[in-house]
Amino acid sequence: MTDAPSPAPGRTGLRAERVSRTAGGALVLDGVTLAPRPGALTGLLGPNGSGKSTLLRLLAGVLAPETGVVTLDGDPLRGLPRRELARRVAVVGQHADTQVGLTVADAVRLGRLPHRRAWSPPTAADEEAVRSALARTGLSGLAHRTWHTLSGGERQRVQLARALAQEPRELLLDEPTNHLDVRHQLDLLALVSGLRLTCVMALHDLNLAALYCDHLVVLREGRVAAAGPVAEVLTERLVADVYGVRAAVTHPAPDGRPHVRYLGAPAGRG
Ligand SMILES: Nc1ncnc2c1ncn2[C@@H]1O[C@H](COP(=O)(O)OP(=O)(O)OP(=O)(O)O)[C@@H](O)[C@H]1O
């Protein structure tokens with residue numbers, strides 16, 4: 001939650017510049033620019049359907065923008081070899097992938113694939129990355145369990161462990177606290193915010209975003225409604241305008257970060 005270091009020259013990281021994308025014949029992202037600060041945690045907020053997942057998929061190179069460009073250190077993603085992209089950018093999705101027959105340790109080992117040479121066995125460095133990822137996500141005790149025996153929250157943590165084992169510089173997370181109990185939500189967000197990676201995380205909980213993110217980008221109907229430091233973005237006006245919800249935003253001690261109390265009654269739009 002401290003200020004991130006300045007990027008090394010030429011290492012601008014991942015950026016989306018004026019990207020647009022249609023889905024099902026409708027424009028779902030409309031000229032969005034997102035330049036996450038290297039080493040910091042950027043929270044991506046916005047109502048259901050505002051385009052958060054679509055933007056994350058563009059940043060991950062899973063979808064291509066129809067106009068605009070996504071770049072990694074200045075190079076357009078579409079020109080980068082998949083393997084190079086996979087070494088740099090890890091994704092924790094909203095829905096855990098099906099990894100039915102695998103143990104937890106094997107599922108986390110998948111994160112090492114972009115680093116391994118074809119047909120060669122895992123190196124000591126690979127195994128250390130897996131061990132460390134399991135430990136940091138509190139999964140060491142479940143390493144030999146099979147995927148299909150895990151709870152939803154445990155699966156979500158395996159997803160994060162796989163992403164950490166990948167040792168990326170950029171980490172994209174789509175509602176990673178889904179399925180997690182409150183303790184595990186806090187643990188996950190503390191872990192992610194302490195990684196010092198460039199993280200972009202879609203999140204619905206405004207108070208958790210306020211506690212853990214360095215910057216916020218708020219989408220509304222496929223456009224950026226607000227972007228900047230948390231305290232500047234998360235205001236009563238913003239909550240009313242973007243979500244149509246009346247709220248009181250205070251800045252309690254000890255850290256003065258915004259706290260949103262929903263007042264329930266829908267606000268009039270406009
Ligand atoms: N394949 C598709 N076909 C039609 N519409 C789509 C498709 N994919 C996404 N959309 C639409 O694009 C819009 C943006 O979707 P997206 O999943 O990016 O939103 P989101 O902000 O992540 O939403 P949520 O908070 O509900 O997860 C939504 O209206 C969605 O219905």
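**View 1. The four-stranded open sheet, S2-S1-S4-S5.** In this predicted model, four strands make up an open sheet in the order S2-S1-S4-S5, and their pairing is antiparallel; two strands count as paired if DSSP finds at least two bridges between them, while strands (E, at least two residues) and helices (H or I, at least four) are DSSP runs numbered from the N terminus. Strand S2 (26-34) and strand S5 (75-76) are the edge strands, each pairing on one side only. Residues are numbered from 1 along each chain as its sequence is written. Because the model is predicted, local features need pLDDT of at least 70 and side-chain atom pairs count only at pLDDT 80 or more, whereas totals for chains, interfaces and linings use all residues.

**View 2. Strand S4 and its two partners.** Strand S1 (residues 14-23) and strand S4 (residues 67-72) run antiparallel and are joined by five bridges; leucine 14 has leucine 72 of S4 as its bridge partner, and alanine 16 has valine 70 of S4. S4 also pairs with S5 in the antiparallel sense, over two bridges, and here threonine 71 stands opposite proline 76 in S5. The hairpin formed by S4 and S5 has two residues between the strands, and aspartate 73 in its turn has a positive phi of about 50 degrees.

View 3. Six strands form an open sheet with mixed pairing, in the order S6-S7-S8-S3-S9-S10, and its edge strands, each pairing on one side only, are strand S6 (89-92) and strand S10 (223-229). Four bridges connect strand S3 (residues 41-45) with strand S8 (residues 198-202), the two running parallel, and leucine 44 has alanine 202 of S8 as its bridge partner. Helix H1 (residues 52-59) packs on this sheet, where it touches S3, strand S7 (170-174), S8 and strand S9 (215-220), and its direction makes about 150 degrees with that of S8; contact requires C-beta atoms, placed from the backbone, to lie within 7 Å, and angles run from 0 to 180 degrees between N-to-C directions of axes fitted to C-alpha atoms, for helices over the stretch in contact. Helix H5 (residues 152-165) lies across S6 and S7, running at about 175 degrees to S6.

**View 4. The residues around the ligand.** The shell around the ligand includes Ala23, Gly24, Val28, Asn48, Lys52, Ser53 and Thr54, a residue being counted if its C-beta atom, placed from the backbone, lies within 6 Å. H1 gives the most to this shell, with three residues.

Terms used. Contact = placed C-beta atoms within 7 Å.
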